[in-house]
Amino acid sequence: MQASYESERNALKGVLNSGNSASVYGITVGSESLYRGVSAFELLPRIKNAIAEFGKFTKRVGTVDSWNKFQDGTADPIITGGVKFLLVNAFGYWQHQNINNATATYLDDLQQAIGHIQSLSGSIDAIEIWNGETGWPGDGGSDYGDAKAGTKNAATFYKTGVCAALDWGYNVFYFEAFDEAWKPKSTGDTGDQVAKFIRSRSLEAILLIYIQGPSLCPFIDISRHMVMK
């Protein structure tokens with residue numbers, strides 16, 4: 001963990017010190033580290049080190065983790081430890097939900113996590129909170145319990161779930177914008193098959209979302225509110 005941390009820290013220093021700091025909105029330390037068993041008491045000093053080192057470039061320095069680690073108290077030392085930027089990952093798919101219940105599960109998970117963060121911080125805006133990751137595998141992806149992969153289901157989840165989160169005012173990272181064929185196959189094939197755009201970088205895939213019916217968030221509006229990874 002230390003070697004990886006130092007490697008990424010040095011890479012970030014290179015970017016920020018080369019005059020590109022204006023392109024950096026925020027910095028996260030760790031990626032679902034709590035979910036993978038790292039203690040919040042171990043992670044918090046690393047976040048604080050990053051705040052001390054990179055805070056002059058951006059005030060948004062925090063971490064990203066699974067929704068349940070924010071909801072169940074695991075992340076409490078971080079929430080109360082002066083961290084002001086948190087990304088909450090939530091997937092109806094990884095909760096093995098049928099598409100008919102996926103949106104309700106996704107939004108409820110977000111609400112539980114965000115509600116706990118806001119309650120513990122004593123404010124609705126003391127900590128900037130984003131949905132750090134969500135998505136649904138399209139055609140060619142694998143099923144996960146009752147969660148069935150497929151472009152039609154991905155379109156449904158996007159329109160009813162992601163667009164609802166945006167409509168509520170949340171910033172959303174949709175995982176992900178482009179297929180990553182270099183990633184190894186795994187359950188969900190989230191790197192290879194979940195993308196909104198196809199490998200050719202055309203709009204063909206994302207347009208499937210809109211030709212199937214009215215959308216809660218037309219593409220022209222998405223560009224102002226949603227970041228695609």
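**Reading helices and cores in a predicted model**

Student: How many residues does helix α6 have, and what span does it reach?

Tutor: Helix α6 (residues 151-167) has 17 residues and reaches 22 Å from its first C-alpha to its last, close to the 24 Å expected at 1.5 Å a residue. The expected span is 1.5 Å times one less than the number of residues, and helices here are DSSP runs of H or I, at least four residues, numbered from the N terminus. This is a predicted model, where local features need pLDDT of at least 70, side-chain atom pairs count only at pLDDT 80 or more, and totals for chains, interfaces and linings use all residues. Residues are numbered from 1 along each chain as its sequence is written, and side-chain values use heavy atoms, leaving out hydrogens and water.

Student: Where does α6 bend?

Tutor: A bend is the angle between axes fitted to the seven residues ending at a residue and the seven starting there. In α6 that gives about 35° at Y158.

Student: Why is α6 described as largely enclosed?

Tutor: Buried means under 20% relative accessible area, with a 1.4 Å probe and protein chains only. Twelve of the 17 residues of α6 are buried, so the rest of the structure largely encloses this helix. Among them are F157, Y158 and L166.

Student: Which residues touch the most other members of the largest nonpolar core?

Tutor: In soluble globular proteins, nonpolar side chains tend to be buried together. A nonpolar core is a set of buried Ala, Val, Leu, Ile, Met, Phe, Trp, Tyr and Cys residues joined through side-chain atoms within 4.5 Å. The largest has 47 residues, and I78 and W136 touch the most other members. A second, separate core of five residues includes F85, L87, W130 and F173.

Terms used:
Helix = DSSP H or I, 4+ residues; strand = E, 2+ residues; numbered from the N terminus. Buried < 20%, exposed > 50% of the residue type's maximum accessible area, 1.4 Å probe, protein only.
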